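Subject: Handing over a structure

Hello,

I am passing a structure on to you, and I hope you enjoy looking through it. Please open it first, and then read my notes alongside.

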Amino acid sequence: MTPVAILILSLSMSADAFAAAIGRGAAHRPTLPQALRQGLVFGLIEAATPLIGFGLGVLAAGMVEAIDHWIAFGLLGAVGAKMIWEALQAPDQNAAASEGSRTGRRGLIGLVATAVGTSIDAGAIGVSLALLSENIWLIAAAIGVTTFALATLGLLIGKMAGIRMGKIVELVGGVALIALGLKILLEHLGFVSL
């Protein structure tokens, strides 16, 4: 995977955490040390889930080697489509109030639950990376660092930015994941050599 592809993947995987962090920041404007600690939780969990997915993917890699590029395309496309769908959903008043109270929890359990919820998709990406025999340590570290930075930023600007900015970031992240999946598919089919 090229450095640009790793950057795109890292930014895309961080989009959910950024959006959730904006919601948390809008509900409770944290101080810089609080934002850094909460951003670190997001980053560590986001880095761990592709490692878990990668481990599962390694177990299955030998059985699906002939179609691994199709699986990677399908997983990236599905995650990207889900992100786009969620970004395009109009928030209703009840859902916005519920989301605000859920993301506004200050406790560690609420923070970890939010971070795990936003990182589940990274597990699927880890499976894809195992099928493609990519350097998971480098990619997981890049995802973790990017998520830490964006979640911290989202927490700090949440009150000013509101939910709209989070939805835009999630939409762009979804489109980027679909494009990355298509690139992988086209490379393995021999249509593109990058």
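Below is what was found in it, from the overall fold down to single residues.

A word on the source before we start. This is a predicted model, in which local features need pLDDT of at least 70 and side-chain atom pairs count only at pLDDT 80 or more, while totals for chains, interfaces and linings use all residues. Residues are numbered from 1 along each chain as its sequence is written, and side-chain values use heavy atoms, with hydrogens and water left out.

The overall picture

The chain has six helices and zero strands, so its elements read α-α-α-α-α-α from the N terminus (helices are DSSP runs of H or I with at least four residues, strands are runs of E with at least two, and both are numbered from the N terminus). Of its 194 residues, 44% are buried; here buried means under 20% relative accessible area, exposed means over 50%, and partly exposed is in between, with a 1.4 Å probe and protein chains only. Among contacts between residues at least 6 apart in sequence, 95% join residues at least 24 apart, where a contact means heavy atoms within 4.5 Å.

The nonpolar cores

The largest nonpolar core has 21 residues, and L9, M13, L76, L129 and L177 have the most contacts inside it. (A nonpolar core is a set of buried Ala, Val, Leu, Ile, Met, Phe, Trp, Tyr and Cys residues joined through side-chain atoms within 4.5 Å.) Two or more residues come from each of α1 (3-27), α3, α5 and α6, and α6 gives the largest share, six residues. Apart from this core lies another of eleven residues, among them A35, I45, A115 and L155.

Leaving aside neighbours within four places in sequence, M13 is in contact with E46, V79, D121, A122, I125, I143 and L177. The C-alpha atoms of M13 and S119 are separated by 7.6 Å, although the two residues are 106 apart along the chain. S119 itself sits in helix α5 and is buried, at 0% relative accessibility. Not counting residues up to four places away in sequence, S119 touches I45, E46 and T49.

A closer look at α3

Does the length of α3 agree or disagree with what its residue count predicts? At 1.5 Å a residue, its 21 residues should span 30 Å, and the end C-alpha atoms are 30 Å apart, which agrees (the expected span is 1.5 Å times one less than the number of residues).

The buried residues of α3 are D68, H69, A72, L76, G77, V79, G80, M83, I84 and A87. They cover an arc of only 165° around the axis, so they are on the same side of α3; the arc is that of the directions from the helix axis to the C-beta atoms. On the other side of α3, W85 and L88 are exposed.

G77, in this helix, has a relative accessible area of 17%, so G77 counts as buried.

The structure holds one aromatic pair. W70 and F73 form it edge-to-face, at 6.4 Å centre to centre and 85° between the planes (rings of Phe, Tyr and Trp, the last by its six-membered ring, pair if their centres lie within 6.5 Å; planes under 30 degrees apart count as stacked, over 60 as edge-to-face and the rest as tilted). Being three residues apart in helix α3, W70 and F73 are separated by about one helical turn. W70 is partly exposed at 44% relative accessibility, and F73 is partly exposed at 26%.

Most residues other than glycine have a negative phi. S133, however, has a positive phi, near 55°. S133 is found in the loop between α5 (108-131) and α6 (136-188), and is exposed, with a relative accessible area of 63%.

Happy exploring!
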